[in-house]
Amino acid sequence: MNRRRWLFHLVIRTLAHRRGRTALLLAVLAMASSLATALGVVSFSMEKRVAEEVRKYGANLVIIPETARLDVGSGGLNFGVISEPVYLEQRRVEDALAQSGLKAEKSFHLRGALRFRKGDIMVEGVDFGEIRRLFSWWQIKGAWPTAGEAVVGSDLAARYGLKAGDTMELAGPEQTVKLRVSGTIATGGEEDGLLFLALPELQRVLGLDGRLSTVRLLVTAEGENLRQKAATLQAHFPGAKVSEVRQIARTSEGLLAKVKLLMALVTAVVLISAGSSVTGTMSTTVLERSKEIGLMKALGGTRWEVLLIFSAEAALLGLLGGVAGYLLGSAIAQFITKTVFAASSEVIPWFVCVSVGVSLFLALLGSLGPMISVFKLDPVRSLRGE
Amino acid sequence: MAANIIETSGLTRSYGDICALKPLDLRVAEGEWLSVMGHSGSGKSTLLNIMGGLDRPSGGSLRVGEEDLLALTEDGLARFRRDYVGIIFQQHHLVPYLSAVENVMLAQYFHSVPDEAEARSALERVGLGHRLKNRPGELSGGEQQRVCIARAIINSPKLLLGDEPTGNLDHKSTLMIMELLRELRAEERFTVIMVTHNQEVATWGDRTIYLDDGVLVREERNEQGES
Amino acid sequence: MALAYKLIPLFLAWAGAVMVLGRGFPGRRPMVAVAGSAGYAGGLAATFLLVRFLPGDLPFGIIKDAVGAGIILMWGVSVAAVYRSTGRDVPLPWGERFAHTRLGAGICALATGILVGAICACRFTGADASVPVFLLLVLAAVVLACAVLAAERFFFSSLTMYPSGMTVALVAFLLLSSSSILRLDLFSPLTMKVMKFAHDFVHQFFESMLIPDHFFFNSFTWDFIGFFFGKQVGFWGALIIWFVPVLLVALAVNLVRLPAVAHIRQGAQRRKMLAAAIRERRSRLVVPALAAVIFAAAVYQSRFPSVEYWDPKPVSVTASPSGEIFIPKKGEIDLEDEKLHKYLFKQGGREARFFVLMAPSGQWTVDLDACAICKPDGYGQAEGAVLCYYCRTLIPLDTVGKPGGCNPVPVPFTAKDDGIHIDGLTLINRWGETVQATTRIKETGK
């Protein structure tokens with residue numbers, strides 16, 4: 001058996017001997033590093049998400065009815081609800097757009113809920129031709145729908161076991177419609193939970209002829225220029241609000257910043273308390289094991305060699321705690337993004353390094369004081385039992 | 001007479017105002033078995049610790065083997081201990097969560113590299129071949145002391161120090177331990193210095209010195225030890 | 001001041017090499033110092049003269065080849081070390097013995113000195129390469145060598161040298177110094193070579209399968225084949241070529257058998273010997289580990305050189321109604337300053353980036369800010385050459401304007417007294433042809 005293996009063996013034996021204390025330390029370290037990991041994962045994946053949404057959002061202006069509260073968030077990031085259903089008049093929108101003289105790609109949307117198999121599902125009426133132009137990242141598994149067909153979001157499809165070729169019967173307040181599923185769509189955003197059908201069809205089923213809930217526009221402009229165009233347009237839409245898509249993203253960025261701040265505070269508090277509890281536990285351990293330390297020194301271990309054994313112990317704890325913290329932290333991150341942002345967070349493998357780093361740092365820093373006493377301990381006095 | 005393994009002159013040790021060891025001149029020959037007797041607090045344990053490189057004298061000179069212990073650094077002393085000294089304690093000081101073999105291997109680890117086969121054979125030599133995997137808690141006092149002896153001799157020390165090794169043992173175990181030590185000494189030819197306050201145990205040595213209040217008061221040769 | 005900063009890696013490498021040599025030939029320190037310093041002075045002087053009297057890149061090429069030979073030597077030595085460590089005997093007794101003679105040590109130190117000196121000389125160009133500079137450099141090098149050799153005795157006593165480790169360490173220091181100079185950089189050309197090799201290899205063997213929807217080669221496999229077309233393959237390939245010898249040396253150290261101790265009867269003594277052998281072996285690993293760190297530093301220097309490129313922002317230009325772009329020689333921008341000037345021309349949703357440059361010879365040239373091979377990352381200008389940002393190839397100023405390879409694609413123009421006249425449509429079309437072609441290849445490659 002070589003020295004390294006023996007050292008490992010010894011450390012394992014020590015940790016196994018003090019099972020309770022080991023478990024406690026592991027829990028503390030795992031908790032602290034899991035919070036740090038969760039913070040990192042949430043901010044990392046959400047920031048990326050927000051940036052992605054902004055980038056891939058084909059439309060850069062959106063028109064919504066004035067009184068309808070915008071569902072806060074962009075694309076996949078939903079944090080709110082539309083309060084009272086208020087609609088835009090399709091004809092008026094078309095006229096206003098023509099009047100404004102703005103060259104813009106447009107896409108009309110109508111949101112509603114339809115009854116399907118004893119439950120309500122969210123549906124959106126769109127013009128698929130417009131969609132293909134504006135939302136070029138849509139990738140449909142199956143075929144683009146023709147008349148009497150619909151596209152199902154992947155989450156929805158999974159929930160109801162729908163696949164291309166299936167027929168579904170949807171009941172609205174006015175009519176009931178039979179649609180064939182032509183394909184499924186997965187964008188990673190809110191589209192995954194929606195059913196898309198042709199706009200006129202939905203208007204008929206909902207009894208909302210000529211009504212729209214959202215208009216998305218792609219104007220070739222950016223920055224200050226875009227703001228001006230939005231202002232010009234706004235003049236033509238008295239009963240509606242024209243906003244930049246970037247603004248929406250900013251809202252979610254603001255929320256993200258708040259969540260991050262809160263998590264950072266909690267993490268800081270937990271890190272500090274975890275550090276001090278590591279110190280406390282380690283000091284007790286060192287005190288209890290002072291005879292052992294004295295013996296090791298009497299057997300010929302130099303102060304450094306004895307220190308190495310105890311540091312290895314702390315490091316192993318830190319490592320294990322870090323790995324556990326990563327798993328736990330990923331779960332916490334998932335929970336937070338699910339509940340706060342209604343989106344699923346990514347699993348970022350390299351965050352295991354961050355987690356282990358935090359945990360190791362905490363374990364070693366926390367046991368710094370006890371380690372100094374290990375280093376200084378006088379073998380004669382400790383063996384005598386002082 | 002063989003060369004001296006230990007030579008001290010004017011050796012003192014004081015803790016603050018308390019003088020545990022008055023200037024002491026002592027020579028121990030290589031291969032000798034020296035018993036040190038005295039009351040509690042007579043400085044005999046201090047003497048033992050100093051000669052084992054565990055403690056530093058306050059003054060005087062001390063040579064063990066080729067090493068001048070006063071000149072060694074802290075880590076140098078540790079290296080001296082691992083190469084020269086084996087210690088048997090009254091309280092055994094075995095690591096409670098390691099088995100008998102592992103306790104012996106711990107000494108090997110600090111000395112050089114652990115070698116399980118060798119640790120086993122050392123335990124077999126002290127008659128514990130059947131209790132290799134037992135923890136100290138599962139062993140009797142005499143057995144624990146034998147593990148302690150195996151651990152002390154595993155690195156072939158030149159100097160075996162015993163700090164009242166039989167203090168906690170009954171008469172029968174004491175005899176067994178002393179017999180074992182004598183056998184081992186015959187094979188390994190180490191020097192033994194044993195602190196005790198048991199007159200009978202002291203007579204197992206070649207020579208007994210009596211300490212009182214840090215002063216060497218008497219010295220006598222033992223007939224039985226010479227045999 | 002800036003120059004002194006740039007000299008740091010060079011002198012660091014010199015000090016390191018001297019330390020390695022001193023440790024490697026412990027009995028011959030004075031000899032090593034003398035031979036090394038002599039080599040340094042010789043290399044420095046020879047390079048100064050060569051650069052002055054030989055045209056173009058030839059002297060730099062010679063030095064690069066010499067350092068490259070060092071890499072090959074390192075490969076040979078490391079492979080031999082692994083082979084030997086498995087217990088087999090290598091029939092190279094003369095090499096071993098030679099390295100232990102006075103002559104061997106001297107030659108080793110001399111060669112190292114010459115190379116370090118030659119590399120150091122390349123930092124100085126033109127009028128800088130004067131006699132006072134030469135004397136100053138030699139003096140500094142000698143003082144540094146003596147100081148290092150005097151100090152070396154007292155430091156890192158556990159650090160032991162052995163032939164293979166020494167070779168690796170010396171080559172590492174050579175590469176550290178050479179990669180600090182743009183024209184001597186070996187890593188970037190190596191990545192280029194590896195990339196071209198991978199390219200050719202794939203073309204040779206997979207030509208028939210380059211049809212997008214081949215039976216075996218679905219898009220998944222394409223991801224992997226694409227790797228062989230990317231810049232990455234060059235980088236990783238070059239990394240492997242550099243670092244494998246270091247790993248091999250470390251492996252050789254680890255493979256060396258521990259001494260036979262079974263005959264020692266006393267356990268404690270046996271274990272002590274074993275522990276000492278293990279400790280010795282571990283201390284031998286320090287050399288390859290340090291070498292790896294130095295290699296990494298060299299790679300870093302090569303990837304992110306401390307040279308400041310002249311890289312102007314493209315200026316927008318427009319064409320006259322007749323479709324002609326005119327750039328005045330004197331005006332907002334002085335075209336005759338021997339630096340490249342970038343322009344951006346937009347027409348009908350299409351655009352082209354190009355630059356105008358007057359070479360030191362007085363020759364005018366107008367080129368696209370892109371070449372026919374690489375992605376159009378553009379060019380920057382550094383001492384006596386322009387550099388392709390994508391593949392980091394250096395193109396000497398004299399050859400800018402000639403087509404082919406990674407040279408910027410030339411554009412027809414007429415130089416008149418007042419300025420440069422370029423046909424806008426030709427420019428746009430030329431950009432379209434070359435750049436579209438390269439981007440397409442890269443895109444399918446991905």
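Among contacts in chain A between residues at least 6 apart in sequence, what percentage join residues at least 24 apart? The share is 80%, where a contact means that the C-beta atoms of two residues, placed from the backbone, lie within 7 Å.

This is a predicted model, in which local features need pLDDT of at least 70 and side-chain atom pairs count only at pLDDT 80 or more, while totals for chains, interfaces and linings use all residues. Residues are numbered from 1 along each chain as its sequence is written, and chains are lettered from A and ligands numbered from 1 in the order in which they are written.

**Chain A.** Select chain A and colour by secondary structure. It has 13 helices and 12 strands; these are DSSP runs numbered from the N terminus, helices being H or I of at least four residues and strands E of at least two. Of its 386 residues, 41% are buried, that is, with 20 or more other C-beta atoms within 10 Å of their own, C-beta atoms being placed from the backbone.

**Chain A against chain B.** Next, show the contact between these chains: 22 residues of chain A meet 24 residues of chain B. On the chain A side, α1 (3-17), α9 (290-298), α10 (303-341) and α13 (379-384) each supply at least two residues. The largest share, six residues, comes from α9(A).

**The cores.** Now select Leu29(A), Ala32(A), Val36(B), Val104(B), Leu123(B), Ala150(B) and Ile193(B), which touch the most other members of the largest nonpolar core, a set of 108 residues. Such a core consists of buried Ala, Val, Leu, Ile, Met, Phe, Trp, Tyr and Cys residues joined through C-beta atoms within 7 Å. Helix α2 (residues 19-56) of chain A gives the most to this core, 13 residues. Centre on Ala150(B): leaving out residues up to four places away in sequence, it touches Val104(B), Ala122(B), Leu123(B) and Val126(B). A second, separate core has 69 residues, among them Val18(C), Leu21(C), Ile181(C) and Val287(C).

**The sheet in chain C.** Move to the open sheet of five strands, with order β1-β3-β4-β5-β9 (chain C) and mixed pairing; two strands pair if DSSP finds at least two bridges between them. At the edges stand β1 (315-317) and β9 (408-410) of chain C, each with a single partner strand, so one side of each has no neighbour in the sheet. Inspect β4 (residues 350-358) and β5 (residues 364-371) of chain C, which pair in the antiparallel sense over five bridges. Phe354(C) has Leu368(C) in β5(C) as its bridge partner.

Technical notes. Buried ≥ 20, exposed ≤ 12 C-beta atoms within 10 Å, placed from the backbone.
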